[in-house]
Amino acid sequence: MKVIRSMVLVSSDPESMERGAQKIYRRLQQEIEKFGLQDEVSVAMVGDVGRHDALPLVIVYPEAVIYGPVKPDDVPFLVEEHLYKGRIATRLQAPARELSGRIAWLSARQGTLPAQQRIVLERTGQINPDDIEDYIAHDGYVALGLALTTMKPEDVISEITKSGLRGRGGAGFPTGLKWRFVAQAKGHPKYVICNADESEPGTFKDRLILEGDPHSVLEAMVIAGYAVGANEGYIYVRGEYGLAQERLARAIAQAKEMGFLGRDIFGSGFDFEIHIHAGAGAYICGEETALIESIEGKRGEPRARPPYPTTHGLWGKPTLVNNVETLANVPPIIRNGASWYKQFGTPSSPGTKVYTILGNVNVTGLIEVPMGITLREVIAIYGKGMKGGAAFKLAQTGGSSGSIIPASLQDTPMDFDSYSRAGVSLGSGALLICDENTCVVDLARVLLNFFRRETCGKCTPCRIGTERAYQILSSLAEGTGQLSDLDDLQVIAKSMAELSNCGLGQSAAVPIRDILKHFSAEVEAHIRLKVCPAGACPMSGRLARAA
Amino acid sequence: MDVRDAPDVLSVVQTAVTRHGTSREALIPILSEVNQALGYLPTAALTEIHRLLKVPGSQIFSVASFYRMLSTKPRGEHVIQFCESAPCHVVGGREVWQALQDALHLNPGETSADGKWTLLTTSCLGICGVGPVVVIDNDVYGNVEPEQIPEILARYA
Ligand SMILES: Cc1cc2nc3c(=O)[nH]c(=O)nc-3n(C[C@H](O)[C@H](O)[C@H](O)COP(=O)(O)O)c2cc1C
Ligand code: SF4
Ligand code: FES
């Protein structure tokens with residue numbers, strides 16, 4: 001048997017991949033073999049390790065030394081010094097930083113941010129996602145064991161209810177309540193679906209959870225199945241997420257072999273199977289009823305609701321649909337209890353939230369912070385400020401279907417209730433930070449272009465509305481708009497919001513309303529003065545029109 | 001793709017059907033696999049899937065035309081996907097698009113006359129952390145600067 005003495009982890013978030021993480025990984029393997037260390041040292045690509053300031057990072061355990069930014073040519077030195085000679089390769093060490101090793105640690109802020117704590121991402125970047133034993137060594141499948149051997153399905157549901165967990169897929173629906181609906185629904189069999197479609201522009205948190213810690217989602221699905229009375233689950237993964245699909249497939253095979261999936265799990269008599277279903281490229285398939293149609297082999301067009309999937313889902317049977325991040329919260333809650341969970345976040349939105357930070361900030365990437373943090377803090381602490389010292393102008397939360405937030409709202413706590421009181425939606429967790437050079441008309445035009453290409457076309461207000469709104473915004477951007485266009489935009493937004501069958505058409509109205517509400521002077525300048533104050537629109541002559 | 005290649009098409013379809021089965025649920029996985037193997041979904045493939053799965057041909061076509069990763073039209077030798085969603089757009093996507101236009105003179109969805117390039121604009125590709133993003137075949141280019149475009153395209157000479 002091999003006795004692994006050291007474990008070497010290579011960060012493989014998008015930024016690290018861009019900067020050669022793959023090459024570093026291969027170089028590490030070569031060098032380790034060159035020194036004949038392949039039986040003592042294991043190497044893995046692990047996803048997002050939580051620091052974004054010195055990527056790519058190489059972490060060597062058990063010493064937990066962090067090296068970065070590492071270049072492929074640094075690898076021979078690193079292997080020789082640290083793994084062969086056993087000395088820390090000081091010159092490659094990553095700079096120390098105030099956030100010290102873990103995300104979500106802000107001791108100065110009272111109440112919402114207690115200790116340093118990652119819940120959903122507690123293992124990503126720390127374990128080898130291809131190795132179930134590593135997961136088990138980090139408390140993996142403990143929650144499943146507890147649930148199946150010491151709790152009744154009803155106990156599991158009430159623990160989740162008590163935790164106050166709310167869906168992380170966009171709408172914030174109370175998870176325990178949804179589980180109860182499915183548990184009480186008549187009809188057999190029942191299904192559990194993990195919504196891993198994640199096509200929301202700017203959002204890739206679910207992908208990094210699946211790539212970095214696939215077993216946590218499997219474990220949660222089995223627990224969910226036990227709670228609601230289902231013996232079969234589907235993971236609907238976005239078609240483009242090849243690595244996530246591979247890792248899930250491997251994780252399923254390993255879990256089956258170990259007896260955490262399949263028949264008579266933990267000798268409890270409970271059986272559960274999980275299938276992977278890959279999408280084929282369609283944003284609308286993230287909508288839960290469209291997703292179900294797609295699994296059934298049809299076009300991904302949303303169904304009319306009610307009835308809801310909780311009673312009439314996959315093949316007309318009661319179906320639980322939960323987001324990846326929602327599910328990843330389940331094992332820690334079961335393992336540590338609802339009252340443990342409630343100490344994080346705010347009383348009405350407990351727990352943490354995983355966000356992607358993008359746009360005009362110095363550091364982009366993935367973070368997990370307690371619910372209730374503010375945008376200003378996110379930009380200052382995790383984004384390391386605005387790029388080039390430019391002024392913050394607006395943020396879009398929650399991907400294209402989120403809200404546009406002006407600077408005046410940047411101190412509103414980011415939790416479901418505070419945001420909805422401010423008329424803003426938190427959405428899926430993408431934070432697109434924009435500086436003063438961003439034009440709101442141009443941004444809205446790009447967003448409506450997204451909606452017009454992703455509408456399934458089934459209902460008229462959405463199909464025609466997104467196209468019309470896009471054309472009007474384009475004419476404003478080109479300097480050929482009229483004041484009456486603004487009324488037209490309001491009418492279109494109203495009809496999309498009120499008459500659309502699903503959330504896509506409803507959220508297409510949001511950017512239109514938000515720019516007219518918060519930035520009307522800037523929009524009107526495009527019409528009255530025929531100028532784009534930010535200099536970004538095609539009429540300012542800098543650029544030809546994109547698609 | 002016609003008579004000459006027909007047997008090949010059929011065997012690709014049959015392999016996919018053997019792997020995924022003939023239930024309705026298997027339709028999209030089969031279409032994806034065939035599309036991946038052949039680059040697109042020729043009519044002969046759709047007809048064969050219709051024969052094996054007994055799903056009406058019109059429904060197969062309607063599904064095949066719904067999803068972005070499936071194509072019922074042949075594509076060029078190299079497929080360029082340009083992400084035009086907001087997160088890539090605000091960090092310089094527009095300028096990259098301009099550079100692609102200058103280099104290729106293609107409209108979104110078009111294939112060049114020599115069959116070398118197909119230019120697609122797409123929604124977010126899920127790699128926004130390194131925007132602006134261009135994907136050519138299976139190669140991902142992130143943090144793209146407009147000046148890099150000619151050099152990137154030259155790699156596919
Ligand atoms: C157009 C549209 C796209 C959506 N895309 C996703 C998605 O990619 N992932 C996701 O989890 N939920 C998505 N949702 C929300 C789902 O319909 C559903 O509410 C969610 O999966 C429920 O999970 P939760 O309760 O755990 O949040 C989308 C909704 C709409 C209207
Ligand atoms: S609102 Fe739009 S996306 Fe939703 S069902 Fe109607 S047409 Fe389709
Ligand atoms: S927005 Fe361009 S890849 Fe996501």
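Q: What makes a pair of atoms a polar contact here?
A: A pair of N or O atoms has to lie within 3.5 Å. Keep in mind that this is a predicted model.

Q: How do you know that the side chain of A:Asn195 makes such a contact with ligand 1?
A: An N or O atom of that side chain is 2.9 Å from an oxygen atom of ligand 1. The cut-off is 3.5 Å, so A:Asn195 passes. The side chain of A:Lys178 also puts an N or O atom 2.7 Å from an oxygen atom of ligand 1. With A:Arg168 it's a backbone N or O atom, 3.3 Å from a ligand oxygen.

Q: Which residues come nearest to ligand 1?
A: There are 19 residues around it, and the nearest are A:Gly169, A:Lys178, A:Asn322, A:Asn323 and A:Thr326.

Q: And which come nearest to ligand 2?
A: Here the shell has 13 residues, with A:Cys456, A:Lys458, A:Cys459, A:Cys462 and A:Cys502 nearest. By class, that shell splits into 7 nonpolar, 5 polar and 1 charged.

Q: Why is A:Thr124 called buried?
A: Its relative accessibility is 1%. Buried means under 20%, so A:Thr124 qualifies. You'll find A:Thr124 in the loop between helix 3 and helix 4 of chain A. Its side chain reaches the backbone oxygen of A:Leu121 at 3.3 Å. Leaving aside neighbours within four places in sequence, the contacts of A:Thr124 include A:Asp48, A:Leu208 and A:Asp213.

Q: What makes A:Glu211 and A:Arg207 a salt bridge?
A: Their side chains meet at 3.2 Å, N to O. The limit is 4 Å, so the pair counts. Both residues are buried.

Q: Why are A:Glu211 and A:Arg207 about one helical turn apart?
A: Because they sit 4 residues apart in helix 8 of chain A.

Q: What does the salt bridge between A:Glu325 and A:Lys353 tie together?
A: The N to O distance is 2.7 Å. A:Glu325 lies in helix 12 and A:Lys353 in strand 10 of chain A, so the pair ties together parts that are 28 residues apart in sequence. A:Glu325 and A:Lys353 are buried.

Q: How do you know that A:Arg453 and B:Glu84 form a salt bridge?
A: Their closest N and O atoms are 2.5 Å apart, and the rule asks for a distance within 4 Å. A:Arg453 lies in helix 17 of chain A and B:Glu84 in a loop of chain B, so the pair joins two chains.

Q: Are A:Arg453 and B:Glu84 buried or exposed, or something in between?
A: A:Arg453 has 32% relative accessibility, so it counts as partly exposed. B:Glu84 comes in at 11%, so it is buried.

Q: How many salt bridges does the rule find across the interface of chain A and chain B?
A: It finds 4. The count of residue pairs in polar contact between these chains is 21. On the side of chain A that touches chain B, helix 17 gives the largest share, 9 residues. That side divides into 24 nonpolar, 15 polar and 16 charged residues.

Q: What area is buried between chain A and chain B?
A: About 3,600 Å², with 56% of it from carbon and sulfur atoms. The contact takes 55 residues from chain A and 39 residues from chain B.

Technical notes: Residues numbered from 1 in each chain as written. Chains lettered and ligands numbered in written order. Predicted model: local features only at pLDDT ≥ 70, side-chain atom pairs only at ≥ 80, totals over all residues. Heavy atoms only, no water. Near = heavy atom within 4 Å. Nonpolar A, V, L, I, M, F, W, Y, C, P; charged D, E, K, R; others polar. Contact = heavy atoms within 4.5 Å. Buried area = accessible area lost by both parts, 1.4 Å probe. Polar contact = N/O pair within 3.5 Å; in protein donor to acceptor, adjacent residues only side chain to side chain. Buried < 20%, exposed > 50% of the residue type's maximum accessible area, 1.4 Å probe, protein only.
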